[in-house]
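This report goes through a structure chain by chain and then turns to the contact between the chains. Please have the sequence and the 3D view open while reading.

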Amino acid sequence: MENYLILNTLNYPILSMLLILPVVGAIVAMFLRGDTVLKVWGLLVTLVTALISIPLWTRFDQTTAKYQFAELRHWFPALDLDFVLGVDGISVLLVLLTTLVMPLCILCSWTYIKTRWKEFVIVTLLMETAMLGVFVSLNTVLFYIFWEGMLVPMYLIIAIWGGARKDYAAIKFFLYTFTGSIFLLVAIIAMYITTGTFFIPELMAHSYSFAFQVWIFLACAIGFAIKMPMFPFHTWLPAAHVEAPVAGSVILASILLKMGGYGFLRFCLPMAPAATLYFVPLLIGMSLISIIVGGYLALGQSDIKKLIAYSSVGHMGFVTLGIFLLNDAGIKGAMLQMLNHGVTTGALFILIGIIYERTHSREIGDNSKLGMFMPIYVTFLGIFSLSSLAFPGTNSFVSEFLVLFGAFDKYPLVGAVSILGAVLAAAYMLRLLQKMVWDDSDGHVPHGEHAEERKRILFDCNYREIFQLGFLTIFVFWIGLHPTPLLDMLDSTVAHLLHQIDAGSILPEAAQNGESHALLENAGTWIKNLF
Amino acid sequence: MLNTIFLPEIALMLTVLVLFFMTLGNFRTGTVQATSLVLAAITVIVTFASMGTQGLMFYDVYQIDALSQLFKVVIVFGLFLIFFLGSGLTGIQDKLHTEYYMFLAISALGLMFLSSSVELLTILLSLEISSFALYVVIPFRCGQGRIHVEAGIKYILFGAVSTGLTLYGMSYIFGLAHTTYLVELAEKMPALVATQPLAVIAVVLVMTAFFYKLAMFPMHFWTPDVYQGAANETTSFVATLPKVGAVLLLLRLVAVAGFDVSQVTWVLATIAVLSMTLGNFSALVQTDLKRLLAYSSIAHAGYVMLGILTGAELGMAAAIFYVVGYLLMNLGVFYVIYNIAPEGQNVTFDDLKGLSRRSPLLALTLLVSVFGMAGIPPTIGFIGKFMIFTGAIHEGFYALVIIAVMNAAVAAFYYLKMARAAYCAADDEKDVIILPFGAKIMGTFFILAIILIGSLPQSLLAAAKAAVVSLL
């Protein structure tokens, strides 16, 4: 087991600290009183967690694909379950994204959330632990526990602090994702029975028969495709996004949607490489449909949050497209696209939260002509909208370029179709920007009492808001202009992953004939016995 | 020797005796409850101390082993929790309070006997001790019209029918194998089950009484009406402890029928699938919480059966683990129901509205319990389901697990509906619920137990595995 790990050399267990700190923070929060105290406490805990995670960036060894900062403890000997944590190039970036976004979630709720701050802080902190747990677990059961554990706090965030139809949205979110991931559990158990281990790197190293790979690929892919969300499993997303409070939308967009992509990279590709190759046409097709349909639907929305939600479907289509191109540029582009989407869409949701607090409406029509009153706000809106449509110089340009490069390299036709998605993105984002900032379609400028009224409501961003947005702006341009450090982090891991796929796509003949049909035969006997 | 290993039963018998003498006097409910709690606590301690003892008694019909002692601990601890939970007995006629405690203790005593019985007639006798006490207790409800009478009669009628069927099956078994001792049956039955259809029928018929206790298809019909008609306190007993006893006996009977996959396995598999599916789909449309829990218990019986029928160490240990978790989570929900119905009325979804404002602790207990029953980590319910599925896949029951998994997804909906009512629906009219200190402790206990055993399941699972080893 140690062959796959580089045990933690820091003088403190960094990954377990990341998991435990928010839980401890949540427990302490139970005994705190007063909204301000709780707000500051929540911010403090998330900030400290973010600070602790910094060594993951500075001390990361880019030359190896092994799991670093690893920790190994015995947990559940009856089933050989160990508590194994570790990160590689893929997960370390997502861990950092999570710790980075969480303080912003508390900050952007500062005045947005008005009731039950105690519960909010507790739930948000538990959410942070669950999300980090998903990325750092190297044991399938542990992974699944965090994966499902995430549902409860997220459900509560939508259900308690959500909008008018929170009830419907929360339950839809829960049922969709629960149904998807419960098949993942079956796959996890089936792999355990076949290999006798829950340890992810060993599961990757094992070579399974083709029939078995098809089963586990499907069982896992349903769960991940729902989480992504890929067309046609995307319908929970707009509901959940629209009804969730601003922090909920940010968590959903920035981190939760990344779980699907992470799952594909961690489970489907390395564990079922032959099945992956078999299903590539299907998944690329679904990705293309996601890109086009997401963009097309976004074009028709009048609700800003819905527009961004559908644009997420399109952006996530680029991620799955990149992943299933199965080449270096594609996978790196997909990873980068996940990070960029986290930064950009997270910021867009914060922007929507800011305007919603002022006008109490998410309709584009109610929020037009902001340029007159809120210059700072409009500047940020412009930056993040351009970033969202992948304008050169911004972060998304790099990632979409990489994905498109990968696509043209492998399947030029696919690349050509996905270009269409990029055009759609430009269309809906520019439409949004134009309507919100200027919109002189009705030909009159607010004046007199009406202008006074608008001026009173539409006060510009305060320092807290400027800080959040400014902070994310740094990432927009940093990744946009100098993405090399991030891509370097991915180098060894992606190379290793591609190697795994190449090696796994050639099936040993014996395995193919011998154990391959055991599962199908088993099902056959079962049915025979039943009737 | 005999006395020390029989000590748990003696302790509970003493409890019953003390309560019996108290029925002759005129005591306040609080006094009676305190006495029963102390006595039950003593029994728990004695039973716990007796874990690890072994022996055979009464002409070998009564066996003390790891399995029986584990279940006895669970049963008396459950009894203690139920005594604690129903403080005040608001749903029971005032003059019957002492008798109520006594009959519950007698029923638990019957279940304790059942845990150790390894001979068919002894099993029947213990089963009847436990059932008769419950027949008496179910109509004790007051203030809710005549609904409890229906519940009482249904419980008796179905009980009588299932006991009759069990006896009928026993007669077959005796005729086939010429013995009533499980040890000797375990040697003869597997061969008979493999060759004689009659033996399959006989084993399944003997199990009928336990299907009834466990609320398994096809003996589940009483469940919704009895749950609804009996007082909240009584339902919390009926819903939990007899099921624990039934699981133990089903484990023993599966061991008798042989561990190989046989016709019996397929009968049980069919019953399990029907039980889950029927329970879950019927639960979807319920509005009365107790009726909903009744159908959910039918579904849970199916999951437990999935573990039992594997006839292997892991699956059977998982079944034990699952039923312990089920007991805790179910009592958690009944604790909430009992506390939001101060007059002992039935609780509907409307009563749950605004619960998170009226009493955060009750709402959280409900949330943790129902998410546990839905199988969401990190609760005891997740580990239970996970173990059962692992056990079943290990023995190759893929299709059964897929059906169970789809069922779990359906079930998530109605469990979520409860959480949703407690957290989403606003209701500003109802008063805040003020919980007494004891009830607060109880709620905290349920939350901690469900989450902690879910995160650190090792010791309970090790105990369950050790218990199963004595069967294999």
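What share of the 531 residues in chain A is buried? Buried residues make up 58% of chain A; a residue is buried if 20 or more other C-beta atoms lie within 10 Å of its own, exposed if 12 or fewer, and partly exposed in between, with C-beta atoms placed from the backbone.

## Basis of the report

This is a predicted model, in which local features need pLDDT of at least 70 and side-chain atom pairs count only at pLDDT 80 or more, while totals for chains, interfaces and linings use all residues. Residues are numbered from 1 along each chain as its sequence is written, and chains are lettered from A and ligands numbered from 1 in the order in which they are written.

## Chain A overall

Chain A has 23 helices and three strands. Helices (H or I, at least four residues) and strands (E, at least two) are DSSP runs, numbered from the N terminus. The radius of gyration of chain A is 23 Å, close to the 24 Å of the globule rule for 531 residues, so chain A is as compact as a globular protein of that length. The radius is taken over C-alpha atoms, and the rule is 2.2 Å times the number of residues to the power 0.38.

The C-alpha trace of chain A spans about 85 × 55 × 55 Å along its principal axes. Of the contacts in chain A between residues at least 6 apart in sequence, 81% join residues at least 24 apart; two residues are in contact if their C-beta atoms, placed from the backbone, lie within 7 Å.

## The sheet of chain A

Three strands of chain A form an open sheet in the order β1-β2-β3, with mixed pairing. Two strands pair if DSSP finds at least two bridges between them. The edge strands are β1 (5-7) and β3 (81-87) of chain A, each of which pairs on one side only. From one strand to the next, the twist averages 50°.

β1(A) pairs with β2 (residues 67-76) of chain A in the parallel sense over two bridges, and A:Leu5 stands opposite A:Tyr67 in β2(A). Helix α1 (residues 14-30) of chain A packs on the sheet and touches β2 and β3 of chain A. The direction of α1 makes about 65° with that of β2(A); axes are lines fitted to C-alpha atoms, for helices over the stretch in contact, and angles run from 0 to 180 degrees between N-to-C directions.

## A buried loop residue in chain A

A:Met374 is in the loop between α15 (328-359) and α16 (375-388) of chain A. A:Met374 counts as buried because it has 22 C-beta neighbours inside 10 Å. Leaving aside neighbours within four places in sequence, A:Met374 is in contact with A:Leu458 and A:Asp460. The C-alpha atoms of A:Met374 and A:Lys455 are separated by 9.0 Å, although the two residues are 81 apart along the chain.

## Chain B overall

Chain B has 22 helices and two strands. The C-alpha trace of chain B spans about 65 × 55 × 40 Å along its principal axes, and 62% of the 472 residues of chain B count as buried.

Helix α2 (residues 7-24) and helix α3 (residues 29-49) of chain B pack at an angle of about 170°, with their axes 8 Å apart. α2(B) and α3(B) are therefore roughly antiparallel; angles under 35 degrees count as roughly parallel, over 145 as roughly antiparallel, 65 to 115 as roughly perpendicular and the rest as oblique. The contact of α2(B) with α3(B) has 12 nonpolar, five polar and no charged residues. Ala, Val, Leu, Ile, Met, Phe, Trp, Tyr, Cys and Pro count as nonpolar, Asp, Glu, Lys and Arg as charged, and the others, Gly among them, as polar.

## Backbone details in chain B

The loop between α9 (197-214) and α10 (222-229) of chain B holds B:Pro218, and the peptide bond from B:Phe217 to B:Pro218 is cis, with omega near 0°. B:Ala215 lies in the loop between α9 and α10 of chain B and has a positive phi of about 60° although it is not a glycine. With 29 C-beta neighbours inside 10 Å, B:Ala215 counts as buried.

B:Asp60, in the loop between β1 (55-57) and β2 (62-64) of chain B, has a positive phi near 65°. With 12 C-beta neighbours inside 10 Å, B:Asp60 counts as exposed.

## Contact between the chains

The contact takes 34 residues from chain A and 29 residues from chain B. On the side of chain B that touches chain A, the elements that give two or more residues are α19 (380-394), α20 (398-423) and α22 (458-469) of chain B. α20(B) gives the most to this side, with 12 residues. The residues of this side of chain B divide into 23 nonpolar, four polar and two charged.
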